[in-house]
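Colleague: I'd like to learn how to read a few features off a model. Can you walk me through them?

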Amino acid sequence: MKTIIQGFFCMLFIHIIIFMYTIGWPYAKMKFDELNRSESYVATSQTDFMLIGFVGSPVALFSITVIGGTIICSIVISLIKKLLGLFR
């Protein structure tokens with residue numbers, strides 16, 4: 001049970017890093033960089049892009065990543081503990 005809790009906090013830390021990178025970095029760039037708006041505008045047509053994927057529920061996607069991330073982090077933590085136990 002202790003490994004699962006450690007895996008949960010490891011996964012939570014990974015999610016915080018990803019959130020800060022995807023939200024915080026563009027916000028910081030927008031807040032502190034001066035943009036030359038006349039040179040940065042490029043007209044594009046929205047029909048030039050094709051999106052492939054599926055649209056799902058954000059709650060289900062977040063739940064799956066939390067549960068899956070916890071399982072993967074717990075497995076990695078237990079493997080590291082076993083490997084470190086071999087070298088002692």
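Colleague: How many disulfides does the structure hold?

Modeller: A disulfide is a pair of cysteine sulfur atoms within 2.5 Å. Here there are 0 disulfides. Cys10 is in none, and its nearest cysteine sulfur, that of Cys73, is 3.5 Å away. This is a predicted model, where local features need pLDDT of at least 70, side-chain atom pairs count only at pLDDT 80 or more, and totals for chains, interfaces and linings use all residues. Residues are numbered from 1 along each chain as its sequence is written, and side-chain values use heavy atoms, leaving out hydrogens and water.

Colleague: Is Cys73 buried or exposed?

Modeller: Buried means under 20% relative accessible area, exposed over 50%, partly exposed in between (1.4 Å probe, protein chains only). Cys73 has 10%, so Cys73 is buried, while Cys10, at 29%, counts as partly exposed.

Colleague: And Ser74, what is Ser74 in contact with, leaving aside its neighbours within four places in sequence?

Modeller: Contact means heavy atoms within 4.5 Å. With those neighbours left aside, Ser74 touches Thr3, Ile4 and Gly7. The Ser74 side chain also reaches the backbone oxygen of Thr3 at 3.5 Å. Ser74 counts as buried too, at 10% relative accessibility.

Colleague: How many aromatic pairs are there?

Modeller: Rings of Phe, Tyr and Trp (its six-membered ring) pair if their centres lie within 6.5 Å; planes under 30 degrees apart count as stacked, over 60 as edge-to-face and the rest as tilted. That gives 1 aromatic pair. The ring centres of Phe8 and Phe9 are 5.7 Å apart with planes at 70 degrees, so they sit edge-to-face.

Technical notes: A polar contact is a pair of N or O atoms within 3.5 Å; within protein, one must be able to donate a hydrogen and the other to accept it, and residues adjacent in sequence count only if both atoms are side-chain atoms.
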